[in-house]
Amino acid sequence: MQAGAETVVAQAQPVLDAFYDAVVACGRLPPFKPSIEVATTHGATQYDAASRAVVLVPYEVLPPPRRAAMDRFAAIGTLGLSGRDQYVEVFNNLVVAHELGHWLQEVAQRPLTRWQAEYQANQIMVAFWRGHPAAYPAAATEQRLANFVAQPPNMRDPIPDNSDADIEDYFNAHIAEIESNPMVYASFQKMMVRRAMAERPALGFCDAVALAWPQQPYGSG
């Protein structure tokens, strides 16, 4: 197994197993269980529908600029982690639940805009970790979420000042441009997570599953 792959699998597989079991406990019977795939080159964390896998990137294959960015991310974080540990915590563990939200969207086969898909995946991630903190007992869920959304005090709104577009419309219309800039894309994701965290009443995991996959629970009339 390649360098760092063991760490990726050790971090991510328990999350996937707990997530899948939780979906089944919510009354859904997925047609397949996804797997963890460890990338051999630098790229984006993602759910890949073709391979039916959550594709995760080991810290060891990150280029120096990305490692430096992770050092900065860790420095503003709330858990006091190193850049490497911050990367493992976020990209090999916490956001696995976000990518599994995209897996749920795939099996549900409902048409979604990019904003709807990303925001819903973040709702699912927040609800999963709040409902299943034992999947990662090293820190409390709210601390982990706060660590993820932390940003410098001078961080600007990701929507340009001269734009009067609704945030959802702006995101959908400019998604290619947004994705081309990792910092801007990250700011949108953090903003979505903050919104999901602030929702009242708080969304339970089975409620989040039902929103993504709206069918009657198995065994109901």
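Modeller: Contact means heavy atoms within 4.5 Å. Leaving aside residues up to four places away in sequence, Ala 212 touches Ala 108, Arg 110, Gln 120 and Ile 124. This is a predicted model, in which local features need pLDDT of at least 70, side-chain atom pairs count only at pLDDT 80 or more, and totals for chains, interfaces and linings use all residues. Residues are numbered from 1 along each chain as its sequence is written, and side-chain values use heavy atoms, with hydrogens and water left out.

Biologist: Why does Ala 212 count as buried?

Modeller: Buried means under 20% relative accessible area, exposed over 50%, partly exposed in between (1.4 Å probe, protein chains only). Ala 212 counts as buried because its relative accessibility is 2%. Ala 212 lies in helix 10; helices are DSSP runs of H or I, at least four residues, numbered from the N terminus.

Biologist: Where does helix 1 bend?

Modeller: The bend at a residue is the angle between axes fitted to the seven residues ending there and the seven starting there. Helix 1 bends by about 30° at Ala 12, with Pro 14 following within four residues. Just after helix 1, Gly 27 has a positive phi of about 95°.

Biologist: How confident is the prediction?

Modeller: pLDDT is the predictor's confidence in each residue, from 0 to 100. The protein averages a pLDDT of 90, and 90% of the residues score at least 70. Over residues 217–221 the pLDDT is below 50, and this stretch has six contacts in the model beyond near neighbours in sequence. Where pLDDT is low, the predicted coordinates should not be read in detail.

Terms used. Helices (H or I, at least four residues) and strands (E, at least two) are DSSP runs, numbered from the N terminus.
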